[in-house]
Amino acid sequence: MIEQLKARYGFGDATLENDQLLTDYGTKRLEYWQDKALLDWHTNWRDSCSVTPTVLMDRMIRTKDGKPFIKVDGRYITVHDHIVPSCLQKGYEQQWGTLLGAMVANGRKESKDREERAKPLAELECLLPSLEPEQQKVVKGLWKEAEKRQAKAEKLAQEKQPVMAQIEAPEQSGILFHMLVVKGTTKPPEVGYGSMMRFLKNWYAEHGQESFWALLDALDAQAALTTPEKKALLAEGLQVHELDPLLSYASGNRDKELAVLVERAVSDWDKTRTFVSAFANWLDEKRVKV
């Protein structure tokens, strides 16, 4: 394989250490693919989501004859520049927001019908006899609020959702001369804003409202979000995930104490409430009625 890489990419010297290729052109990273269609999708995605001079995806380095991969022993191999990971976020809202905006702008070109997301909240009923009266009251309250949130999310969500690559933790990316360099994934694309919303929630929790709003402003500037898209993003934020551990417990997964799970659900619920409030306030600044 080393000799094929040297011949196809024009490396004079190359040695392989784990998935890092040490060459006379610097350190490279290898990715391995079995599914050619998935590889083609990610190749196009990374090319499309690079926004110079702000964001650069770790695109597939082309061979000497212009191909984004080589095929060895029945699998496809792509070569990428090595990214030195960093955790830089605050202060780089423009770069990260531009990336998210580019993702939405490209994802909307291949939109699909959204998936049903309602949780089977009635399954919480079987937990109530195992709880103290005060905890029963708490779970019933969360259950009632969850039904309202699901109904609100259903009302706000678009029928069509963008198809996008999942966005990984910031540690998988780096900053080079103020340009955000982003490591892609080899995972199948997802329909909707699921991983993007997890990213936004984590950003808000880590950096607060001012930084969060700056991130959203940059996202909006790059994507030119439509009003339905803004509402769909809010709908994703309203999706009820806080009760998943309780629902898992109800279905038989008893690896943690029920009382502990109730406390965690309350804590997570409060975090989501403040996040959704910050998001809704940003929408209000944009004169988007929800």
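Colleague: Which residue forms a salt bridge with arginine 29?

Modeller: Aspartate 58 is the partner of arginine 29, and their closest N and O atoms are 2.0 Å apart. A salt bridge here is a side-chain nitrogen of Lys or Arg within 4 Å of a carboxyl oxygen of Asp or Glu. The model is a predicted one, where local features need pLDDT of at least 70 and side-chain atom pairs 80 or more, while totals for chains, interfaces and linings use all residues. Residues are numbered from 1 along each chain as its sequence is written, and side-chain values use heavy atoms, without hydrogens and water.

Colleague: Where in the chain do arginine 29 and aspartate 58 sit?

Modeller: Arginine 29 belongs to strand β3 (residues 26-33), whereas aspartate 58 is in the loop between β4 and β5 (70-72). The pair links distant parts of the chain, 29 residues apart. Helices (H or I, at least four residues) and strands (E, at least two) are DSSP runs, numbered from the N terminus.

Colleague: How many salt bridges are there in the whole structure?

Modeller: The search finds 19 salt bridges in the whole structure.

Colleague: New topic: into which domains is the chain divided?

Modeller: There is domain 1 (1-49 + 58-81) and domain 2 (92-111 + 119-157 + 170-288). These bounds come from an automatic or database domain assignment. Taken over C-alpha atoms, the centres of domain 1 and domain 2 are separated by 35 Å. Eleven residues from domain 1 and 13 residues from domain 2 take part in the contact (heavy atoms within 4.5 Å).

Colleague: What area is buried between domain 1 and domain 2?

Modeller: The buried area, meaning accessible area (1.4 Å probe) that the two parts lose on being put together, summed over both, is about 1000 Å². Carbon and sulfur atoms give 61% of that area. On the side of domain 1, Trp41, Trp45 and Cys49 lose the most area to domain 2, together 41% of what that side buries.

Colleague: Why does the second largest pocket lie between the domains?

Modeller: Domain 1 and domain 2 both give residues to its lining, so the second largest pocket lies between them. A pocket is an open set of points on a 1 Å grid over the protein atoms alone, where a 1.4 Å probe fits, with protein on both sides within 12 Å along at least five of seven lines; lining residues have an atom within 4 Å of a point.

Colleague: Which residues are closest to the centre of the second largest pocket?

Modeller: Of the 15 residues that line the second largest pocket, Leu56, Asp81, His82, Ile83 and Val181 are the closest to its centre. The largest share of this lining, three residues, comes from β10.

Colleague: And the largest pocket, how many residues line it?

Modeller: The lining of the largest pocket has 34 residues, and Arg198, Lys201, Glu236, Gln239 and His241 lie nearest the centre. Helix α5 gives the most to this lining, with seven residues.

Colleague: One more topic: which peptide bond is cis?

Modeller: The bond from threonine 52 to proline 53 is cis, with omega near 5 degrees. Proline 53 lies in the loop between α2 (36-49) and β4.

Colleague: What is phi of aspartate 73?

Modeller: Phi of aspartate 73 is near 50 degrees, a positive value in a residue other than glycine. Aspartate 73 is in the loop between β5 and β6.
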